[in-house]
Structure formats: C-alpha cells, structure tokens
Amino acid sequence: MLKIENLTVAYEVAPVLHSINLQVQEGQIVALLGANGAGKSTTLKTISGLVRPMEGSVSFGGKEITKLRPDEIVELGIAHVPEGRLVFPGLTVEENLRIGSYTQKFTQAEIKAELENVYELFPRLAERKRQLAGTMSGGEQQMLAIGRALMCKPKLLMLDEPSLGLAPVIIDSIMEKITEINQHGTTILLIEQNAHLALEVSHYAYVLSVGKVVSEGQSADLAKDKAMLAAYLGGS
Ligand code: ATP
C-alpha cells in the first residue's frame, strides 16, 4: 500500500534520514521503532507532505505522492495523528471531529455516519461531544485525535506515539482501540518508543537509528532479538 524508496530528508544541511526504504502492506499494523531523534516523526511528516525530501520517493497504492500537497494526500486516504495530539483546544469534541472530514467531499449524511462510527469506537467522546477539547484528559485528547483522523475515512492511519505521557492503563486501552481499528480494515503505521508494546500489537516492524533502517522483520521475530533491541532501543 505504501512504499518509501531511497528517502533522504534534511531540515537544514545535514540529512536526518539517509536513503531509507520502507513498505507497509495493506491490512497490517507496521511499527516504526527508534530512540529519540532517530527520524521517526520526520518519516511520517514526509509521507504527509509536510516535509519535502532531498531525494527519494513515496508511493501510495502505486501512485507517487512525493510532490503532492498535504491536503491532497489526506484526500487520497492517508491520515496523520501528530505527536502531542494537537487537538483544537477551544473547539468542542464534535467540532474537532467534523474538521477531520473537511478535506473529503462527504455529504452531511456521510459525515453523520462517520461521527456515529467514531462515537461507537470511543463512547467517551460521545458522552463529551459538547465539551471543549482543551479541558479533556490526555487519554481523552488522544482518543479525539485518533477519532478526528478517522473522520476522513483513511485507508492508512499514521499514529505518532499515541502512548506519549499516558498512564499504563490508558495506554492499554488505546492499543486495544488501534487493534480494533485495524481489524475493521484500516492499515496502520505506528510510531512507538516502547518497543515491547509496539511489537506486541504490530505485524511487521522497522527499527530506525540515526536516520537509517538498521533492522526490520516480522514483529514476533524482532521481539526475540534482545541484543538488537538493547543496542538500538536501550532494551526497552
Ligand atoms: P522523537 O521520538 O524524539 O520525536 P524522532 O525519532 O521522531 O524522535 P525526529 O523528530 O524525526 O525524530 O527528528 C530527527 C532529527 O531531526 C532530530 O535530530 C531532530 O532534532 C531534527 N529535527 C526535527 N525537526 C526539525 C526541524 N523542524 N528543524 C530542524 N531539525 C529538526
């Protein structure tokens, strides 16, 4: 579904991603692991068109999207839940959700159907639809950020560290929801610093270190490679 080839990205002069190759097969959860500063967020931002590569290409469903605008990329079916959630704090839960379908040419009935799907997945959001997003807890804001991304009916959902700053019990419930979203047919690219957690929920994984892919494989196999995990992820 997604193919990244020889991707090199630099913010100023020195590249932060060095000719990386990565693929996401339709129907899977693919994890992107790596320590702080490895280049995980930069990879997602490049797929979304928020950062332009120096070299290389990104294709989605066989079509090259490297030079498309971010809104065109969303329209094709790639949704990005950014690190730190970035919900609109002064808008209500429902207003935040509606913004998620802004780029799609949905009818009012289709928007309503998507809202119902999100409320079914996250009943907490339904209970709080009129509450200002900025007054919600961290876990609720994460649910809202995921719900907002689902409102564009993505084929590929990209999640940048959804567990960040959340209590273990909330992280477990977010991971369960990610699995549920995948089981309903959405392909997922998941950034996660907690390797144990990510390898448990994903089918396939890549390990990034200082802007390079240093390991990849079936998640169950990588989980057994303690030496590699310790070397690149501090054994987490
Ligand atoms: P983290 O888990 O800490 O977010 P990451 O693996 O997602 O790390 P990136 O955020 O992609 O890593 O950062 C990769 C490198 O690029 C880092 O050295 C970072 O300092 C640098 N970087 C990121 N964003 C910018 C920017 N806007 N301008 C300049 N350098 C940047």
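I take a polar contact to be a pair of N or O atoms within 3.5 Å. The model I am reading is predicted.

**Ligand contacts**

A polar backbone atom of G37 lies 2.8 Å from an oxygen atom of the ligand. For S41 I also read 2.8 Å, again from a polar backbone atom to a ligand oxygen atom. I then looked up the ligand's area. Taken alone, the ligand exposes 630 Å², and the protein buries 61% of that.

**The shell**

Which residues come nearest to the ligand? I find G37, G39, K40, S41 and T42, out of 13 residues around the ligand. I sorted the shell by class: 4 residues are nonpolar, 6 are polar and 3 are charged.

**Helix packing**

I turned to helix α6 (residues 138-150) and helix α7 (residues 168-183). Their axes are 10 Å apart, and the packing angle is about 15°. Angles under 35 degrees count as roughly parallel, and α6 and α7 are therefore roughly parallel to each other. I note the handedness too: α6 passes α7 in a right-handed crossing.

Methods:
Residues are numbered from 1 along each chain as its sequence is written. This is a predicted model: local features need pLDDT of at least 70, side-chain atom pairs count only at pLDDT 80 or more; totals for chains, interfaces and linings use all residues. Side-chain values use heavy atoms; hydrogens and water are left out. A residue is near a molecule or strand if one of its heavy atoms lies within 4 Å of it. A polar contact is a pair of N or O atoms within 3.5 Å; within protein, one must be able to donate a hydrogen and the other to accept it, and residues adjacent in sequence count only if both atoms are side-chain atoms. Accessible areas come from the Shrake-Rupley method with a 1.4 Å probe; for residues, only the protein chains shown count as cover. Ala, Val, Leu, Ile, Met, Phe, Trp, Tyr, Cys and Pro count as nonpolar, Asp, Glu, Lys and Arg as charged, and the others, Gly among them, as polar. Axes are lines fitted to C-alpha atoms, for helices over the stretch in contact, and angles run from 0 to 180 degrees between N-to-C directions. Helices (H or I, at least four residues) and strands (E, at least two) are DSSP runs, numbered from the N terminus. Angles under 35 degrees count as roughly parallel, over 145 as roughly antiparallel, 65 to 115 as roughly perpendicular and the rest as oblique. A crossing is left-handed if the near helix is turned anticlockwise from the far one by less than a right angle, and right-handed if clockwise.
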